[in-house]
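The following paragraphs lead the reader through one protein chain, from its overall form to single residues. Please keep the sequence and the model in view while reading.

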Amino acid sequence: MKLVQFSFKCSRQVPFYAQLCNDYLANEPYEITIGFVKNRYLIEAVGEQAQLEALAEKIAHDFLLSIWLVESKVEEIIHREGSVVPLINTQHHLPFCQHCEPLLGDNQSPRFGELALPCACCHGEQRLHQAISISQLKVWANDILTTGNVLFTLTTEQGKHQVFQLSTTPVLTSSQERPQILICNPNNVPLHFFTPSEHVLALSSLEKPRVTVQPRAQHRQLQAPLYDLCFSYNRVLTVLTEILRQQGVDFVFIDTNHWQPLITWIEKGWSQVDSDPELDLPVSIKALEPLHDQACINGLNAYWHKRRIHFDYKSNHPNDVPSHALPICALHGGNIESGNGRNTAVIYFGRYAAGEIICQDKFTRTDSFLVLPSLPQTGHEIIRLMATGEQAAILAKFKESLPYSYQALSQINLADSHNQLSGLFAVAATILGLSTSSTNSIQYLNDALIAKALQNSGQKGHRVDYSLDMVDGKRTIEWAKTLGSLMSFCLVVDESELDKLAFGIMDSLADYIANWLERIDETTGLNAVVLAGSDFANEVLTERLSLRVGKNFTITVNRQLELDGSNLSAGALYLKMRRR
């Protein structure tokens, strides 16, 4: 007889894993103990070799891949870590699992299209709150095939109305500026998109998240620089995409009012960029006692109760923290898991506040080291200021040699992103000639720059100038000099080398940041650097930062929280600021 432990180490709680542990405790005859210890879900069992092999095979089948799974192990142990007490669990929201999905989602199954199919494992039938027949799904599929478009509404288990528009041609989404795609034929994804292996695994994981990928070159249907992909994530979409797959449809464009979480690959693991708190609240996390009982940012309310931070949604609640303090909230949110924020810094590049690098010394005093430049809000004003400064000669040459790019620059509008990294990168993309229309969004221009950088096959790029300047007593980047540097490169670099220049824009910034952090280390001491903000969905920039900064400092990403959402609400609980 052997005592064997099956462990699943996760970067955040996975409610379905907890339910499986409880199911095994209740139903298996092998003297089972279970636990959740040091972020590991445990199942321990005593048995003969053949019995344990059968159990191992069953566990491998049941524990579907989660994007939060860091490591799984099977080992013989001497002492148990688990117990016979069921795990306290947050309800999961899986619509299907490995038991029911093949039955209702495979066209060869006699129960294909049976949306109300009961499942003893995931109880996914409870997620569907309206009766929809297979004949109705076939009508919707036929609408897509014949008219190229279908619109329908589903009711979620929270009673929310979720509207879906599926189309064979690009649709203007209601809330996402990047085109969104629902995959119908997973086997053919590589024919249309460049998909790294970890992205493919994430698409098929329990969570069914969205991942950002690049389309194949010269693709007839895919003209945008980047796309967000997802696999079907409810029973209706699972059956509908299977019907479409049978008809030769590999993917459709999708718009909806409630999106799946967007994730990004940082430091050899997945992090969630943001979420839809109306549909799916973050799971509570362990934390030290904060300074405030609750804090609400952008409708997501964090509150402390029984040694944990919990979340709820308050749609009309005003922000409890001013926007200029949000980077400090991001610093505190990033340090919650470690419980130690001394001698740390945060790089906040996000959508809710000006980009900023903030450090915290050994006395937990915070100080702003750098803020991103506040660019003029229009292209005309950018050109006017450059024409009256040190970059006037370069600007004149740029206008003469590259009139199309100059015209595109004059039309750009940075009203909502003038002090954010996305605004600076949008201007950079325009200077590189990546703008295709005067109506290009800031998101499109950023995507175009990222896509161009991804085309660089090497690890070297042109060195772009990010010199520092003092403005209003704050250290910032001398933006006119940076843009002048880019214009100089565009005058001499062949179009075939624009990928190196796009890559260099991000690699150079990462190198400058690494040098700035070393200066912080020399003055106040620095042990770890927190990455936060939605702009870190840029996987080229995060990879270069990991290499440049990671050589000297520990990079912290609190994967229990989002990069630009729950991290701010949770971090605000620890903000040293009086509330009115």
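A residue is called buried when its relative accessible area is under 20%, exposed when it is over 50%, and partly exposed in between, with a 1.4 Å probe and protein chains only. Helices (H or I, at least four residues) and strands (E, at least two) are DSSP runs, numbered from the N terminus. The model is a predicted one, in which local features need pLDDT of at least 70 and side-chain atom pairs count only at pLDDT 80 or more, while totals for chains, interfaces and linings use all residues. Residues are numbered from 1 along each chain as its sequence is written, and side-chain values use heavy atoms, with hydrogens and water left out.

The protein chain contains 17 helices and 24 strands. Its radius of gyration is 25 Å, close to the 25 Å that the globule rule gives for 580 residues, so the chain is as compact as a globular protein of that length. That radius is taken over C-alpha atoms, and the globule rule is 2.2 Å times the number of residues to the power 0.38. Along the principal axes, the C-alpha atoms fill a box of roughly 80 × 65 × 50 Å. Of the 580 residues, 56% are buried. The chain exposes about 25,900 Å², of which carbon and sulfur atoms supply 50%; accessible areas come from the Shrake-Rupley method with a 1.4 Å probe, and for residues only the protein chains shown count as cover. A contact means heavy atoms within 4.5 Å. Among contacts with a separation of 6 or more, 71% join residues 24 or more positions apart.

Spanning residues 49–62, H2 has 14 residues and reaches 20 Å from its first C-alpha to its last, close to the 20 Å expected at 1.5 Å a residue. The expected span is 1.5 Å times one less than the number of residues. Which residues of H2 are buried? They are Leu52, Leu55, Ile59 and Asp62. Seen down the axis of H2, these buried residues fall within an arc of 85°, so they line one face of the helix. The arc is that of the directions from the helix axis to the C-beta atoms. As a general point, an α-helix has 3.6 residues a turn, so residues three or four places apart point the same way. The buried residues of H2 pack against strand E1 (2–10), helix H1 (15–27) and strand E3 (40–47), whereas the face turned away from the buried side carries the exposed residues Ala50, Glu57 and Ala60.

Helix H8 (residues 326–335) is mostly covered, with 10 of its 10 residues buried. Among them are Leu326, Pro327, Cys329, His332 and Asn335.

Several loops also deserve attention. Leucine 206 lies in the loop between helix H6 (197–203) and strand E9 (211–215). Because its relative accessibility is 8%, leucine 206 counts as buried. Not counting residues up to four places away in sequence, leucine 206 touches Val14, Phe16, Tyr17, Leu64, Leu65, Ser66 and Leu94. The C-alpha atoms of leucine 206 and cysteine 97 are separated by 8.0 Å, although the two residues are 109 residues apart along the chain.

Lysine 160 is found in the loop between strand E5 (149–155) and strand E6 (161–167). With a relative accessible area of 29%, lysine 160 is partly exposed. Leaving aside neighbours within four places in sequence, lysine 160 is in contact with Leu154, Thr155, His258 and Glu278.

Two further loop residues concern the backbone. Most residues other than glycine have a negative phi. Lysine 268, however, has a positive phi of about 60° although it is not a glycine; lysine 268 lies in the loop between strand E12 (262–266) and strand E13 (269–274), and counts as exposed at 78% relative accessibility. Arginine 307 has a positive phi of about 65°, is placed in the loop between strand E16 (300–305) and strand E17 (308–313), and counts as exposed at 66% relative accessibility.

Serine 422 belongs to helix H12 (residues 421–431). Its relative accessible area of 12% makes serine 422 buried. Not counting residues up to four places away in sequence, serine 422 touches Ser417, Ile442, Asn446 and Asp535.

Finally, an unreviewed UniProt entry carries the annotation "domain: Carbamoyltransferase Kae1-like" for residues 451–571. UniProt positions are given in the numbering used here, feature names are shortened, and annotations may be inferred rather than shown by experiment. Over residues 451–571 the chain is 51% helix and 13% strand, and the end C-alpha atoms are 33 Å apart.
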